[in-house]
Amino acid sequence: MTAMPGSVTRTVSEDRRVTRFGRTERTLHWLHATAFFAMLATGLVLYLPMLAQVISDRPLMKAAHLVAATAWLTALLLIAVLGDRRALGRTRRELERFDADDVRWLRGRPAPQGRFNAGQKAHAVVQASLAVLFVVSGTLLWLGERDTAFRLPGTIALHDVAMYVAATLVAGHVYMAFAPRTRPSLDGMLHGTVPAAYVAEHHAKWRPAPAAAVPPAPSAGRRAGRAAVAAVIVTAGLAGATLLVRDVLEGEGGAPPPPAAVAPPR
């Protein structure tokens, strides 16, 4: 949603709209956003003493945090299996490709941009890197509670710093989504289309592809194969979430307190 002045190369109708994001891309975006805020909310309860006093059920919050993370990873795999992989691959290539115009844009100079401007590309790359750090550090934190060999120095700090960076980036992203000048870009993630006039002003290098013909439906065997893989992913996700919840509740909330020490008789 980040934008800077670019070059306007053509005049277009204010009423015409063009497709910017497909269903799979929008689903991935909102899935990631929902999971992020769920993990942020539960993580802050575990992290901030003030919130921990208001919501004192720490085992429940910890279980919810782990369930949100498991659901996020499970849903990502489902989108990769059931979604439009061609569209996802095109988006990934566009986000990873920085050219001279992107460098000029990042230096604050006017430069025409493609479907994603340089700020959006940088945001996506950093968020993807942070997602990897969250998974790795979060896994080490969970394992470290069960085996001291995984209690690596700096793991908690890494998880916390990643949270601060991600929250700051998301705050800026949300601000730009609702800023008057860039508000039309939000339509792309809500409905898939944006005004052609907005594209001409902010994404002058992008040439929206014409409406493609409807691809042939996959064969029955292919559909059955995808359904089988999706079923395995869902089953594994549910099993993992169940085991995590039971482990947390039994380890922190369900286990009886240790017996009080008894002073030896004199």
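Me: Which residues make a nonpolar surface patch here?

Reply: Patch members have over 30% relative accessible area and no salt bridge, and nonpolar side chains (Val, Leu, Ile, Met, Phe, Trp, Tyr) are joined within 5 Å. A salt bridge puts a side-chain nitrogen of Lys or Arg within 4 Å of a carboxyl oxygen of Asp or Glu. Areas come from the Shrake-Rupley method with a 1.4 Å probe. In this predicted model, Phe37, Val174 and Phe178 make a patch of about 300 Å².

Me: Is Phe178 buried or exposed?

Reply: Buried means under 20% relative accessible area, exposed over 50%, partly exposed in between. Phe178 has 56% relative accessibility, so Phe178 counts as exposed. Phe178 is found in helix 7. Helices are DSSP runs (H or I, at least four residues), numbered from the N terminus.

Me: Which residues make up the largest nonpolar core?

Reply: A core joins buried Ala, Val, Leu, Ile, Met, Phe, Trp, Tyr and Cys residues through side-chain atoms within 4.5 Å. Here the seven are Phe36, Leu40, Leu130, Ala162, Met163, Ala166 and Val170. Helix 7 (155-178) and helix 1 (23-47) each supply at least two. Helix 7 gives the largest share, four residues.

Me: What is Leu28 in contact with, beyond neighbours within four places in sequence?

Reply: Contact means heavy atoms within 4.5 Å. Leu28 touches Leu76, Ile79 and Leu88 on that basis. Leu28 lies in helix 1 and is partly exposed, at 30%.

Me: What should I know about the numbering and cut-offs?

Reply: Residues are numbered from 1 along each chain as its sequence is written. Local features need pLDDT of at least 70, side-chain atom pairs count only at pLDDT 80 or more, totals for chains, interfaces and linings use all residues, and side-chain values use heavy atoms, without hydrogens and water.

Terms used. Buried < 20%, exposed > 50% of the residue type's maximum accessible area, 1.4 Å probe, protein only. Patch = residues over 30% accessible without salt bridge, like charges linked within 9 Å, V, L, I, M, F, W, Y side chains within 5 Å.
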